[in-house]
Amino acid sequence: MAERLLVEAVNDALHVELGRDDSVMVLGEDVGRAGGVFRATAGLRERFGENRCVDTPLAEAGILGAAVGLCMAGWRPVCEMQYDAFSYPCLDQLITHVGRYRWRTGGAMEFPITIRMPYGGGVRAPELHDDSPETYYVHTPGIKLAIPSTPADAKGLLAAAIRDPDPVVVLEPKLIYRTERGEVPDGEHVVPLGKARVARAAADELAAEASCEVLDIRSLRPLDEDALLESASKTGRVVIVQEAPRTVGFGAELAAILAEKAILDLRGPVLRVTGFDVPYPYWKIEDAYMPSVERVISAARRLLEF
Amino acid sequence: MAQVAHRSVIDEERELDGVGERELLDIYRSMVLLRTYDERSLVYHRQGRIGTYAIFWNHEAMQAGSVHALADEDWIFPSYRESAIGLLRGMPPATVLHWWRGHPAGWWNPADYNVASICVPIATHVPHAAGLAWGKKLKGEPACAIAYFGDGATSEGAFHEGANFAAVMQAPLILFCNNNQWAISTPLHAQTHAETLADKAVGYGMPGVRVDGGDVLAVYEATREAVDRARAGEGPTFIEAVTYRAAPHATADDPRAYIDLARVEQEKKNECLGRYERYLRRLGMLGDELEAEIKAEAVEAMRRGIAEAEAEPDPDPELVFEHAYVDPPPNLREGWLG
């Protein structure tokens, strides 16, 4: 067990997985010589060689499209998209091929592609360095998606993604890449996809008024519906928090599941605290967009008073 | 300009080095098989026995000529215009007919034939071919890849990204453009301002070659050279095979609204299979009897193929949930009554 920053845990996972399986290779923009703009791939090229950690042309659809062919040649590609919003050109390949190629072969061929990228706002960056694109990805059949929020999960979920036989997207919260520090198991560490995590049993700000469970969904597909329903049954009141824009965000999916399966447990409406249906704002006013502690507490109080 | 002379073999009455009578007749058999597949498919479509179908009539020289220049370990990445190209690798006609009948029995394992799945969206398979070729090279395997696409595909971003990727990685790839001068109703001059499509190769740092796409031996020769380069570690080659679309884009298309009908008639008179037959006859390799025999074999293969396809039971609706995931999410069947 070592204490690591979240981005160091990502780097550790890549070192362990490349060391464990010769067919795993990392490709992306600036991942080799520079070690990634966030240093997530630092040291890989030196340790595993330039053919296992490849600086590609600046071409996101090319990276993901090449990954499809690399799978056919027996590789297990881990593609880095440099930023959330820079990944959009790769959606063409993701939607038209990555999510459906195995299906198209009648299950004969596997496409164990991992797509990892830093995501989310709050980092005082120019436009299109701040997006939360999970809905685009998870709406695509054939694609799995995980979002870690602790260093241990950043390592374990990435390892699970790399080992998974299906294509998996991992969104890494860049805001806490270098602020979130925690214990990370050494060596091989896998956190299975499809398991939510009870992050805390009570939230401090609300401790005096009510007991609050925080559920980290962690894996959007496969989704741990049981954990969601169990949590809802304990409290009867659910606030869903997401940074992505509101309409058809993943929170809407969770709310729909609660409406379908937890109606008798609910003691009030399912409320969402989300980003807004606007382009992610310029950073001088980005805090106004982010789901703040105040907005979460306000929603929780509204629900308690319902 | 990268332009190489528009290469031809048949019109120049040349003979190819190292290609004997047996190989020439094998190429002929392949062309006949493809032509027969295509013509029968049009009939089957009109009879309601297959769905919408992308016609490749007069593209057989490009497909057969290039495939014969490959080794079995080389990978083929077809577009929908090359839907039946797997037949040249031993794929049963029924499999391709199933594909056009919307039946999951039209799925195949690409590794069984080294033929990737039919790519429906334009040019998006070019990066796959680049990745496969690069991946084989990284593993030290000798295989190369060929990606087929039309003139319209060269306008797509995926074409550019795949071509550039292949060049940067010096991947053993052949980019095979069947320039039939039409993308449905859009003529070549509305697709590009480049003088030739082969000129685009310069920008990627790879050779660009132009061949007569109706001349199966010119296609064979150009592809063989590209394969030799690829295997020698010299990277990708762009081949522009120039032809003219003498048939509708697909069964759902009526080109009379936009195409030059006089030109179509002229192209039909000079279609690629007839040109090759006349060449083989001039060399004394093909007579009436052999021609009839080869054509009868192809007709019989198609007769068996459609019979087999039509004998296949309707697929189980449960297949809706199969094959997208090795390890499906637990809520996949939410709402299913079956």
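How many of the residues in strand 4 (residues 76-80) of chain A are buried? The count is 5 of 5, so to speak a mostly covered strand, where buried is the label for a residue with 20 or more other C-beta atoms within 10 Å of its own (12 or fewer is exposed, in between is partly exposed, and C-beta atoms are placed from the backbone).

Some ground rules before going on. This is a predicted model, in which local features need pLDDT of at least 70 and side-chain atom pairs count only at pLDDT 80 or more, while totals for chains, interfaces and linings use all residues. Residues are numbered from 1 along each chain as its sequence is written, and chains are lettered from A and ligands numbered from 1 in the order in which they are written.

Step back to chain A as a whole. It has 11 helices and 13 strands, taken as DSSP runs numbered from the N terminus (H or I, at least four residues, for helices; E, at least two, for strands). The C-alpha atoms fill a box of roughly 60 × 45 × 40 Å along the principal axes. Chain A's radius of gyration is 19 Å, which agrees with the value near 19 Å for a compact globule of 306 residues; that radius is taken over C-alpha atoms, and the globule rule is 2.2 Å times the number of residues to the power 0.38. Of those 306 residues, 52% count as buried.

Just after helix 3 comes A:Gly74, with a positive phi of about 95°.

In strand 4, A:Arg76, A:Val78 and A:Glu80 point one way and A:Pro77 and A:Cys79 the other, and all are buried. In a regular strand the side chains alternate between the two faces of the sheet.

Who are the strand's partners? Strand 2 (residues 24-28) runs parallel to strand 4 and is joined to it by 5 bridges, with A:Met25 opposite A:Pro77. Strand 5 (residues 114-119) is also parallel to strand 4, through 3 bridges, and here A:Cys79 stands opposite A:Ile115. Strands pair if DSSP finds at least two bridges between them.
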